[in-house]
Amino acid sequence: MSDSATLEAVNIDQDAGDFSYPEDYKHDAGIGLSEATIDYISDVKGEADWIREFRKKALRIFEDKPMPTSWATKDLENIVFENIRYYLSKGQAPTRSWDDVPDDVKETFERLGIPEKERKFLSGVEAQFDSEAAYSNVKEELSKEGVIFVNSTEGLREHPELFRKWFGKVIPTGDNKFSALNSAVFSGGSFIYVPPGVKVKHPLQAYFRINAENFGQFERTLIIVDEGAEVTYMEGCTAPKFETSTLHSAVVELVAMKDAKIQYITVQNWSSNVFNLVTKRGMAHENAEIRWIDCNIGSRLTMKYPGVIMKGRKARGEVISIALANDGQHQDTGAKMIHAADETTSNIVAKSISVGKGRSTYRGQVHIPKHLKGCKNNTECDALLINSSSRTDTYPAITVRGNQHATQHEASVSQVSEDQIFYMKQRGLSEGEAMSLSVNGFVNDLVREFPMEYSVELKRLIDMEMEDSVG
Amino acid sequence: MSQSLNIKNLHASVEGTEILKGLSLEIPKGEVHAIMGPNGSGKSTLSKVMAGHEDYEVTEGSVHMDGVDLLDMDIDERSRAGFFLAFQYPHEIPGVSNANFLRAALQARLPKGEEIDAVAFYKDMYSKMDALSMDRKFTARSVNDGFSGGEKKRNEILQMMMLEPHYAVLDETDSGLDIDALKIVAEGVNRMRSPERGFLVITHYQRLLDYIVPDVVHVMFDGRIVKTGDKSLALELEAKGYDWVTEELAATA
């Protein structure tokens, strides 16, 4: 069966990520955050002065900004910035061959199945271990066409003119406290450039791995897709289950030039001690399309609202989001659609599942100003509750000015009832299987939008998560 | 080891109220038994207790399936061991296609690591759907979602045919069916009759028993079996009404 072959190929389960190797780092910025931390990072990376200054300015903004607890959860106050380690690396440039990757790092990614996936269906892979990429490779035919796929450190060094032009332009440093923090201490992440007219057939994949305890991972990704070009980018994330909490705070900026298409897929499977506070936004020029497919499973708290600024006429933005909040987890997710040109179209479909004491929150912002014509937005958010103690909240903010637009908003809350589970168990399914089938049924119409390999992976993650929740 | 579904002195209650009050009944493999009784006599409770619904507490008695203690097993174990309940009100499972549901149920019966043969599965399912005059489009539709009453009942019989249980309880399968649907459902059940399988048909009306002819008919009243006979008992009940049984009971009390 091809089904089971694929299943094995993308075999990732909840516990597969729960292991770590002893620490052996050449560069360690120590514990806590100050200007000295930034100097350490900039020195290790051998960065240009403008970047060092950019970082230091960001640190001041980060320090000035209050925690967004006026609207967000108080759990944010449990992040102790002084106890976090901001930079850890083995001091080795990323290699183009898995053979040259240090053994413990290579074993980590092998256990997560990354090299195997690369052989099977990917155009390029970047694998980041704590602060820096350990491996980075793109298929030869793509580099010949001028496609650049490197980590951000290398991108800054080798392609400064391209990088600087768009860096921090889609998401300004001061956008929020965590985008400022990322701008101060960023390391790793991907830099991608696709030249005009090049359509990258197979996905490019990045894998982010946290290995060390008390560590903060702050990758910075910038993807620029030139006129008429197309790319699909996929990121996966895991971390071991440490006793103390870990911080992951990324900034991802996408730029789609005229007629370009970007599809950005996240399948996140963080362990339940990770604070995952990520800012993601794309800018779509004329007739360009940006699509975020965002699957949030795991973590202690995720706050993430992928956005699209539709800057050119007929630009399109889409967010498809699936969030699964299990016991002790809070998924605070949503979307941001900023219409800034005529005839722009946005679509948001968000589905959340709350299990046990898990909590999910949807926040959506849609902005259509008065002076524009012919803009459209469709927003759907559906919540599924499994177990009476779980909680779900919806905060849609749709601001539409002017009368030449069309918007539509639908929301629903449904529940997997005990009688439904009884019915399924009477047919021989275990409780875990019954719940996971119900959850998969709930997200089924969205999963169909995914490339096959990822839909299989997502289904597996849901199965694992539901089996675990039964205990 | 007796080859039967054997219920002995079963007492069960819901929220402290006793509904089954010492019910005994044995269905040997290969036989079709019917239970008839007025509303509120505990017919549906009996089916749910046998299936293991958690709202019901068994306070006394036993149920053995081919000598194995059924009450000792979890709901899904009972199913995999060969016990099937066709629901009076089948549940809807949004987003899960009929085909996927059946496949998952069959997969759950295989040893770990063994995969169901998809081609054989579809072939088998299609032939059974044809026997029940079910349109092929039902394979892709969500389980019972938006089905009419008759479609839901036909779907229950399809599930039974696919899972091939040793014992099947049909809880008021005739309710909400028109005569054509009733004939199709009965035909499905009759095809399943075999020396290797026992049936318990729960019904309020005699009509279903014209099409599924039982070997034994029991009358249930106030949580117990109060009368047992052959198929003519069903006709007698139909003619005289349930009052006849209750009056007779009162007279012998």
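This is a predicted model: local features need pLDDT of at least 70, side-chain atom pairs count only at pLDDT 80 or more; totals for chains, interfaces and linings use all residues.
Two packed helices are described by the angle between their axes and the distance between the axes. H3(A), residues 49–64, and H9(A), residues 177–185, pack at an angle of about 150°, and their axes are 7 Å apart. Angles over 145 degrees count as roughly antiparallel, so H3(A) is roughly antiparallel to H9(A). The crossing in which H3(A) passes H9(A) is left-handed.

Chain A is also divided into domains. The domain assignment gives domain 1, residues 14–416, and domain 2, residues 417–471. The C-alpha centres of domain 1 and domain 2 of chain A lie 26 Å apart. Across the boundary, 24 residues of domain 1 of chain A are in contact with 22 residues of domain 2 of chain A. On the domain 1 side, five strands of chain A each supply at least two residues: E13 (261–270), E15 (289–298), E18 (316–325), E20 (345–355) and E22 (376–386). E20(A) gives the most, with four residues.

A further contact joins the two chains. Here 19 residues of chain A are in contact with 23 residues of chain B. Helix H10 (418–426) and helix H11 (431–447) of chain A are the elements that give two or more residues to the chain A side. The largest share of that side, seven residues, comes from H10(A).

The table sets out the classes of residue on two of the contact sides described above.

| Side | Nonpolar | Polar | Charged |
|---|---|---|---|
| Domain 1 of chain A, touching domain 2 of chain A | 17 residues | five residues | two residues |

Confidence values come with the model. For the complex, the predictor gives an ipTM of 0.96 and a pTM of 0.83. Chain B averages a pLDDT of 93, and 99% of its residues score at least 70. Within chain B, confidence is lowest in helix H9 of chain B, residues 242–252, at a mean of 78. It is highest in strand E6 of chain B, residues 83–86, at 98.

Conventions: Residues are numbered from 1 along each chain as its sequence is written. Chains are lettered from A and ligands numbered from 1 in the order in which they are written. Two residues are in contact if their C-beta atoms, placed from the backbone, lie within 7 Å. Domain bounds come from an automatic or database domain assignment. Ala, Val, Leu, Ile, Met, Phe, Trp, Tyr, Cys and Pro count as nonpolar, Asp, Glu, Lys and Arg as charged, and the others, Gly among them, as polar. Axes are lines fitted to C-alpha atoms, for helices over the stretch in contact, and angles run from 0 to 180 degrees between N-to-C directions. Angles under 35 degrees count as roughly parallel, over 145 as roughly antiparallel, 65 to 115 as roughly perpendicular and the rest as oblique. A crossing is left-handed if the near helix is turned anticlockwise from the far one by less than a right angle, and right-handed if clockwise. pLDDT is the predictor's confidence in each residue, from 0 to 100.
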